[in-house]
Amino acid sequence: MEKKKFVIMLKIVLLLSLPKLSLGCPSKKQSIECFYGIADTNSDGHITGDELSQAISKHLPWWQWKAFDLFGGIDRVMKDCDANSDGILTAQEAYDMDKTCLNNCFKKSAVYHVFNCK
Ligand SMILES: [Ca+2]
Ligand SMILES: [Ca+2]
């Protein structure tokens, strides 16, 4: 009886922690696909500065704007991900800029959560 309870508890704990673990650090591909799917509002495969700022102001809760500004805001995203500095982001550039664009778990998770990716 005690053992059975323990196994049930363990299953509950696992069930509760699994979704969190998988959301903890999405892959770069997942983050990029989600971000481009949402921010590219006219679906031309490019994200302009305007599309980026609209996507962020629409999805980022107001109380996180300050944190985003401290992080460097739109300029920082452009600097990190716009490989040819033309002010337009493409998914390919995001992959090319491997050292700066979505290069850590924090950035990937932030994108994933802000844009409500699934
Ligand atoms: Ca676009
Ligand atoms: Ca570019």
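Two residues are in contact if their C-beta atoms, placed from the backbone, lie within 7 Å. The legends below use this term throughout.

The structure is a predicted model, in which local features need pLDDT of at least 70 and side-chain atom pairs count only at pLDDT 80 or more, whereas totals for chains, interfaces and linings use all residues. Residues are numbered from 1 along each chain as its sequence is written, and chains are lettered from A and ligands numbered from 1 in the order in which they are written.

**Figure 1. Overview of the protein chain.** The protein chain contains seven helices and two strands. Helices (H or I, at least four residues) and strands (E, at least two) are DSSP runs, numbered from the N terminus. Along the sequence, these elements follow the pattern α-α-β-α-α-α-β-α-α. Of the 118 residues in the protein chain, 14% are buried. A residue is buried if 20 or more other C-beta atoms lie within 10 Å of its own, exposed if 12 or fewer, and partly exposed in between; the C-beta atoms are placed from the backbone. Among the contacts in the protein chain with a separation of 6 or more, 56% are between residues 24 or more positions apart.

**Figure 2. P26 and its contacts.** P26 is found in the loop between α1 (2–24) and α2. Is P26 buried or exposed? P26 is buried, because 20 C-beta neighbours lie inside 10 Å. Leaving aside neighbours within four places in sequence, P26 is in contact with S31, K108, S109, Y112 and C117. P26 and A110 are 84 residues apart in sequence, and their C-alpha atoms are 9.7 Å apart in space.

**Figure 3. K108 in helix α7.** K108 belongs to helix α7. It counts as buried because it has 23 C-beta neighbours inside 10 Å. K108 and P26 are 82 residues apart along the chain, and 6.2 Å separates their C-alpha atoms.

**Figure 4. The buried face of α2.** Helix α2 has 12 residues, and the distance from its first C-alpha to its last is 16 Å, close to the 16 Å expected at 1.5 Å a residue. The expected span of a helix is 1.5 Å times one less than its number of residues. Which residues of α2 are buried? They are S31, I32, F35 and A39. Seen down the axis of α2, these buried residues fall within an arc of 95°, so they line one face of the helix. The arc is that of the directions from the helix axis to the C-beta atoms. An α-helix has 3.6 residues a turn, so residues three or four places apart point the same way. The buried residues of α2 are covered by elements including β1 (47–48), α3 (49–59), α6 (91–96) and α7.

**Figure 5. The crossing of α2 and α7.** The axes of these two helices, α2 and α7, come within 9 Å and cross at roughly 35°. Axes are lines fitted to C-alpha atoms, for helices over the stretch in contact, and angles run from 0 to 180 degrees between N-to-C directions. The contact is made by K28, Q30, S31, C34 and F35 of α2 together with K108, V111 and Y112 of α7.

**Figure 6. The largest nonpolar core.** A nonpolar core is a set of buried Ala, Val, Leu, Ile, Met, Phe, Trp, Tyr and Cys residues joined through C-beta atoms within 7 Å. The largest such core has 13 residues, of which L52, C81, L89, A94 and L102 touch the most other members. Two or more residues each come from α2 (28–39), α5 (73–81) and α7 (105–114). Helix α2 gives the most to this core, with three residues. Not counting residues up to four places away in sequence, L52 touches A39, I47, I74, V77 and L89.

Figure 7. Most residues other than glycine have a negative phi, and most peptide bonds are trans. S43 lies in the loop between α2 and β1, and its phi is near 50°, a positive value in a residue other than glycine. S43 is exposed, with 8 other C-beta atoms within 10 Å. N116 lies in the segment after α7, and its phi, also positive, is near 55°. N116 counts as exposed because it has 9 C-beta neighbours inside 10 Å.
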